[in-house]
Amino acid sequence: MAILVLAEHNNAALAAATLNTVSAAQQIGGDIHVLVAGAGCAAVATAAAQVAGVAKVLVADHAAYANQLPENLALLIAELGKNYSHVLAAATTNGKNVLPRVAALLDVDQISEIVKVIDADTFQRPIYAGNAIATVQSSAAVKVISVRGTGFDAVAASGGSASIEAIASVTDAGISAFVGEEVAKSERPELTSAKVIVSGGRGMQNGDNFQLLYGVADKLGAAVGASRAAVDAGFVPNDMQVGQTGKIVAPQLYIAVGISGAIQHLAGMKDSKVIVAINKDEEAPIFQVADYGLVGDLFEAVPELEAQL
Amino acid sequence: MKILVAVKRVVDYNVKVRVKADGSGVDLANVKMAMNPFCEIAVEEAVRLKEKGIASEVVVVSIGSSAAQEQLRTALALGADRAVLVESNDELGPLAVAKLLKAVVDKEQPQLVILGKQAIDSDNNQTGQMLAALCGFAQGTFASRVEVAGDQLNVTREIDGGLQTVALKLPAIVTTDLRLNEPRYASLPNIMKAKKKPLDVVTPDALGVSTASTVKVLKVEAPAARSAGIKVGSVAELVEKLKNEAKVI
């Protein structure tokens with residue numbers, strides 16, 4: 001039994017989410033092969049070969065895979081995947097985009113966003129915005145699974161010495177093309193991999209006031225997130241959204257500022273190790289999940305916090 | 001162009017669901033049901049394309065029990081032209097749903113199919129991508145902007161860290177993200193008119209589709225509860241606790 005893990009990367013560096021996915025693969029058990037599909041992605045393959053627990057790295061280096069277009073990538077993964085017991089990818093926007101396409105090509109059901117491996121066929125995944133946990137069992141010939149990173153501790157990025165094998169065949173569906181990308185350039189860590197996150201909600205009142213949070217975040221080396229209410233109100237862009245319909249995070253420390261704690265937000269952050277809530281409404285539901293709650297005006301508390309860090 | 005929109009009947013997003021004591025699922029008895037929020041955005045986008053003169057017809061399809069007619073009528077009231085219900089009382093997984101939708105696509109021959117990116121009950125985020133694979137169509141998932149340009153579709157997608165734009169050959173599949181549009185409310189005259197719009201009912205058997213699944217739900221349980229901690233009196237106390245008690249800063 002061997003497991004194929006799709007590497008998450010940008011052609012230059014291997015994304016941390018891959019390490020969590022390999023961790024899930026280790027719990028399933030079996031030889032772990034990592035597929036690096038991209039263009040000019042040799043450095044990623046080298047990095048993947050050093051990941052602890054990886055037996056083999058397959059590299060498909062071709063322009064057709066440069067931007068991870070699912071129409072091209074899914075054909076490749078499905079062709080390779082039929083020889084594996086499991087095909088895994090991180091539940092990132094990229095993994096979510098391509099993996100169901102792979103499953104359909106293999107004519108198997110997919111299991112999305114597992115947070116726990118019970119055995120090689122049985123997994124746990126949250127449903128209803130995390131308000132229920134389903135234990136599901138698959139009898140599919142190839143089990144196609146997306147992995148929620150926060151459910152699995154990352155394996156070490158070094159220590160492995162996998163062989164690297166090039167894949168010659170190229171699959172280009174020719175029905176889609178990459179036009180462009182606007183990726184926010186930031187010195188701050190990515191939300192899904194940050195150890196500390198400072199998030200703002202509707203209580204921030206406007207986008208400019210998020211500067212207060214950036215001040216605290218920079219002192220803590222933290223990422224800045226937002227609730228759906230803040231996104232819907234137009235304070236900040238959607239890629240900052242933490243919650244059921246945004247990013248699922250589980251940092252060491254999560255500081256919720258001016259966030260009431262709607263179910264849909266809690267679903268995205270309640271697995272954080274330590275939760276701090278700052279809110280002027282002491283009845284706010286966020287306090288029911290917070291380890292440390294501070295009832296008060298955020299416009300006084302946040303600058304004070306920044307000063308004391 | 002003809003647009004097909006798929007919608008799902010789910011628990012209303014304001015309802016806090018409860019897990020059944022026997023672990024067989026969540027309790028849906030007497031719970032308010034509604035159209036999945038991402039599906040509402042899909043209907044709205046199709047109707048806007050029709051209002052712009054780009055779409056000629058908007059057909060809305062749902063797969064579910066006869067009660068899903070309610071959500072189809074809602075979509076008709078929002079501006080869809082006609083509806084198809086693939087009636088099944090089974091709990092179908094995304095692959096089965098995608099296969100049924102593929103059969104509807106074969107029959108209707110739409111140029112564009114719009115779906116929500118995920119349903120807020122099962123949270124799978126699979127059906128649109130699977131349908132695209134089965135049809136051999138290109139896909140623009142998690143769309144925040146859709147623009148028809150001749151025989152091509154430009155879709156701006158919400159990705160980790162920002163936005164990506166792709167150009168897709170039509171016919172194509174789009175799945176909606178939150179910022180694509182703000183759905184309208186149905187007006188009373190439109191709700192009345194929707195009652196007279198055509199709604200066909202077909203069965204999976206009539207479409208010749210097998211809905212067998214390889215995934216079995218063994219149990220459904222409530223997540224581990226997180227208990228409330230303590231209230232601190234000042235920022236200084238908070239910083240002290242984070243440093244010395246929680247040791248996270």
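Let me start with one pair of side chains: Arg184(B) and Glu51(B) meet in a salt bridge, 2.7 Å from N to O. A salt bridge here is a side-chain nitrogen of Lys or Arg within 4 Å of a carboxyl oxygen of Asp or Glu. Arg184(B) lies in the loop between strand S10 (172-176) and helix H5 (188-194) of chain B, and Glu51(B) lies in helix H1 (residues 37-51) of chain B, so the pair ties together parts that are 133 residues apart in sequence. Helices (H or I, at least four residues) and strands (E, at least two) are DSSP runs, numbered from the N terminus. Arg184(B) is partly exposed, at 29% relative accessible area, whereas Glu51(B) is exposed, at 53%. Buried means under 20% relative accessible area, exposed over 50%, and partly exposed in between, with a 1.4 Å probe and protein chains only.

A word on the source. This is a predicted model, in which local features need pLDDT of at least 70 and side-chain atom pairs count only at pLDDT 80 or more, while totals for chains, interfaces and linings use all residues. Residues are numbered from 1 along each chain as its sequence is written, chains are lettered from A and ligands numbered from 1 in the order in which they are written, and side-chain values use heavy atoms, with hydrogens and water left out.

Now chain B as a whole. Chain B has seven helices and 13 strands. Its C-alpha trace spans about 65 × 45 × 40 Å along the principal axes. Of the 249 residues of chain B, 52% count as buried. Taking the contacts in chain B with a separation of 6 or more, 68% come from residues 24 or more positions apart; contact means heavy atoms within 4.5 Å.

Next, helix H3 of chain B. Lys102(B) and Asp106(B) both lie in this helix, four residues apart, about one turn. They form a salt bridge, with the closest N and O atoms 3.0 Å apart. Both are partly exposed, Lys102(B) at 23% and Asp106(B) at 41%.

What does Glu108(B) touch, if we do not count residues up to four places away in sequence? The list is Lys2(B), Val59(B), Arg82(B) and Val84(B). With Arg82(B) there is a side-chain polar contact of 2.7 Å. A polar contact is a pair of N or O atoms within 3.5 Å; within protein, one must be able to donate a hydrogen and the other to accept it, and residues adjacent in sequence count only if both atoms are side-chain atoms. A network of salt bridges links Glu108(B) with Lys2(B), Glu57(B) and Arg82(B).

Helix H2 of chain B (residues 69-78) has these buried residues: Gln71(B), Leu72(B), Ala75(B), Leu76(B), Ala77(B) and Leu78(B). After H2(B) comes Gly79(B), with a positive phi near 130°.

On to the interface. The contact takes 83 residues from chain A and 76 from chain B. The two chains bury about 6700 Å² between them, 54% of it on carbon and sulfur atoms. Buried area is the accessible area (1.4 Å probe) that two parts lose on being put together, summed over both. Asp109(A), Tyr128(A) and Tyr292(A) supply 12% of the area that chain A buries against chain B, more than any other three residues.

How many salt bridges cross this interface? The rule finds two, and 44 residue pairs are in polar contact across it, both residues at pLDDT 80 or more. One of the salt bridges joins Asp291(A) and Arg226(B), at 2.7 Å from N to O. Asp291(A) is partly exposed at 22%, and so is Arg226(B) at 23%.

Last, the strands. The open sheet has four strands in the order S6(A)-S7(A)-S8(A)-S12(B), with antiparallel pairing. Its edge strands are S6 (116-117) of chain A and S12 of chain B, each pairing on one side only.

Key: Two strands pair if DSSP finds at least two bridges between them.
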